[in-house]
Number of protein chains: 2
Amino acid sequence: MSTAFRPDSFLDLCRAAIGPQHVLTTADDLAPYLTDWRRRYTGEALAVLRPGSAEEVATVVHACHAHRVAMVPQGGNTGLCGGATPAAAGERPVVVISLQRLKRVRQVDPLNNTITVEAGVVLQHLQEVAREHGRLFPLSLAAEGSCTIGGNLGTNAGGTAVLRYGNTRELCLGLEVVTPSGELWDGLRGLRKDNTGYDLRDLFIGAEGTLGIITAAVMKLYPLPRARVTALAAVDSPRAALALLAIAQAHAGAMLTGFELMSALCMTLVTRHFPQLRYPFVQPYPQLVLLELSDSESEDHARQIFETMMQAALEAGVVQDAAVAESVQQSRDFWNLREHIPLAQVEEGKNIKHDIAVPISRIADFIEATDALLQQAFPGARMVTFGHLGDGNLHYNVSPPAGTDHDAFLANQAAVNQIVHDSVHAHRGSISAEHGLGQLKREENQRYKSEVELAMMRAIKQALDPLGLMNPGKVL
Amino acid sequence: MSTAFRPDSFLDLCRAAIGPQHVLTTADDLAPYLTDWRRRYTGEALAVLRPGSAEEVATVVHACHAHRVAMVPQGGNTGLCGGATPAAAGERPVVVISLQRLKRVRQVDPLNNTITVEAGVVLQHLQEVAREHGRLFPLSLAAEGSCTIGGNLGTNAGGTAVLRYGNTRELCLGLEVVTPSGELWDGLRGLRKDNTGYDLRDLFIGAEGTLGIITAAVMKLYPLPRARVTALAAVDSPRAALALLAIAQAHAGAMLTGFELMSALCMTLVTRHFPQLRYPFVQPYPQLVLLELSDSESEDHARQIFETMMQAALEAGVVQDAAVAESVQQSRDFWNLREHIPLAQVEEGKNIKHDIAVPISRIADFIEATDALLQQAFPGARMVTFGHLGDGNLHYNVSPPAGTDHDAFLANQAAVNQIVHDSVHAHRGSISAEHGLGQLKREENQRYKSEVELAMMRAIKQALDPLGLMNPGKVL
């Protein structure tokens, strides 16, 4: 378009399409949409558009396309990599398109084990609606009270149930998407099998809004398990934890729905900062594993599986000690230990976080090798290593040496990241297991991806968004 | 390229790259590669190239690209839709690239539950190698003795274990692909979580070789179940079978690994043509369901789950009769009834086959509505309906009225297809659940896909294969 951009006529189009009250333009109104929740990024935008339906999304995207306005799709704004925050000002005017008003549950189909929801439905609400219909929606993560399913899909969120149920990608059967030129694609299929062309669904999932805007999705549901029981096992190394994983999978098969590793330092921090939480063993151990079974029979049956499994692990010398939760409350207490690790880290002070994955069989090698490299470069650095061992996904966090200045240590962030990510790459892992790239890891990612892969990604971006209007400065 | 194509110099390049004995050019040598195994399609090709490694594939693809030669990738040549057979002669010379010599198992990683295999590995061999390592590779289908994993990936094959383990797509973690210009992409990741860019893996899976050539893959393995037990349940309608499915899922959760529907006519044909197979009930029933449980504990435990489940189903009036297999042999016998249905159909004569899927909750509606439409158009047509009910996938086959001429009836194929596929579309289903499009359903598919979806598919094809060299005349 050679004519100059006229903001007023563009905004009038938007106001006519979705109502003036849903076109935000004052600095105060814009502010909450322009900063990510970790307050790492703040961007600029001409306006925030809050369409109320997929059709309204299509209309405003069409207007953006006609006026060459760049678009940043946003859900609950809980992302950890700045993917939903406008990037540094570019050549084009930018709007944030908030999907929060698209919050209808369009259909629940218990027999098909599916639920059709709009992008702005909050994850916890989706879980609750499923439960009201006697079904489980298994996706679960820390931000579930405010993140939206559209954001979960855009970033292919992981969480605590991936071991059994997969990432958000594996939980989605169909999508509705507004393309960068403002066309509405109805791909809302509720099918377990469909081989009629290219897999567009999985291309939009995890693309972080750079190829189009997800407006609705058909998600999978599962039968509600009758019981969930957890256990804690004490082991002497990550390698022993891996041996326990193999034993647990052989005994429990698909019933095994959680397998989380926590180092001794994690437990030290948790019990230091949250003394009300009870550590269930009489002595400290180098590593704890939290296991969860979901059982379609009964709590007793799950406990019996745990007893047999732990007996086998003790006899094999894999496990030093074990405790099976005797009640729902005790299961809750065990999970509390795990979930308070990030909170204890906050209390302890600043640290350098990594969200990495390696093949499960290489986790122990990765931890040993990377710990050693970090100790060499930063003697005394404290490793707060925990995470979803059953998925090969570690939150591999580096805290300053005890008693040293935190801000001084954080100045080493780039060097620490490079040691960790180079080691991840050497172990054929991923530098972003479940949080995506956004702005945070966009450049870092280019260091590790092959040129042939980057070229294919750019070709797809160019094919679906030739004007480069969708979420510029993210992913690629 | 404006210069004329010179076959000899092209073939000399290929001979130098992979050895002259692996460049087939005589009519006799070519013949087996130019006809699909149902003998529905026969194509033409300048040569069949049989590279022996991914690097050799890249070299010959590079030569094809330089000489503008079209390529048809081929695995075990067991596809049902002509996807691996050259289509009608186009403007360009065509070669078949057979992946059968890429048969190395590159790595088995039991702790990571993965196996890395080359495209030409036969599915049954992959299953066997997994079992030798105490692991299950769950993909299983009729052609497993000769189909290859590369073909399974290219067509996103389904089979009998989808209910629990998903299609081939869900079993794959990473790919190695030769791009249409002959570059080798190493995407062989063995990760459960990786959010570092567009999902290229799932774009190549199910693309039937139209976007590039899969040369190797990292596939998921599972713990071997301790026991597999089957049961047969007699129900009076597809609707009752759906009610049984809900009961079975509530009682067995992820242990439920098979749920197959078989109509009374299926059983009549099987017992007529294979009288040695034993029908386990004393009277005929309108529908039978075959259920399979995979148990990580024991056979006894699986039988006990079955007893509780069937008791609940009998009390709810959902099931008329039920038989739980008492031995491995009896489990085998039950599966034999199911597996002999296609063979009994062959004995009975010709029929018109459909491989369709609808949302599971709509299966009963679909069968009732479509049966009625077909009876109206073709009175007396016999419906041989069976399939993977738990996946919403039916083999909805139409046999001629008893005693009528089969060939005369088959002249109605286009009209029958249109009634069935229009009804599938009206029920928001898929006209190709697990067999792909190939040549057979390419045009039919365009009738049902939206223009916006077809435009995105074409844009992706154009982006990754701008010269249109990969498997022309298939999918799009």
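## Salt bridges between domains 3 and 4 of chain A

A salt bridge is a side-chain nitrogen of Lys or Arg within 4 Å of a carboxyl oxygen of Asp or Glu. In this predicted model, that rule finds 2 salt bridges across the interface of domain 3 of chain A and domain 4 of chain A. A:Asp365 forms a salt bridge with A:Arg239, with the closest N and O atoms 3.0 Å apart.

## Basis of the model

Local features need pLDDT of at least 70, side-chain atom pairs count only at pLDDT 80 or more, and totals for chains, interfaces and linings use all residues. Residues are numbered from 1 along each chain as its sequence is written, and side-chain values use heavy atoms, with hydrogens and water left out.

## Extent of the domain interface

Domain 3 of chain A spans 227-342 and domain 4 spans 349-451, the bounds coming from an automatic or database domain assignment. Their C-alpha centres lie 25 Å apart. The area buried between them (accessible area lost by both parts on being put together, summed over both, 1.4 Å probe) is about 1,400 Å², with 66% from carbon and sulfur atoms. On the domain 3 side, A:Arg239, A:Leu242 and A:Leu261 supply 36% of the area buried against domain 4, more than any other three residues.

B:Thr196 is buried, with a relative accessible area of 7%; buried means under 20% (1.4 Å probe, protein chains only).

How values were computed: Chains are lettered from A and ligands numbered from 1 in the order in which they are written. Buried means under 20% relative accessible area, exposed over 50%, partly exposed in between (1.4 Å probe, protein chains only). Buried area is the accessible area (1.4 Å probe) that two parts lose on being put together, summed over both.
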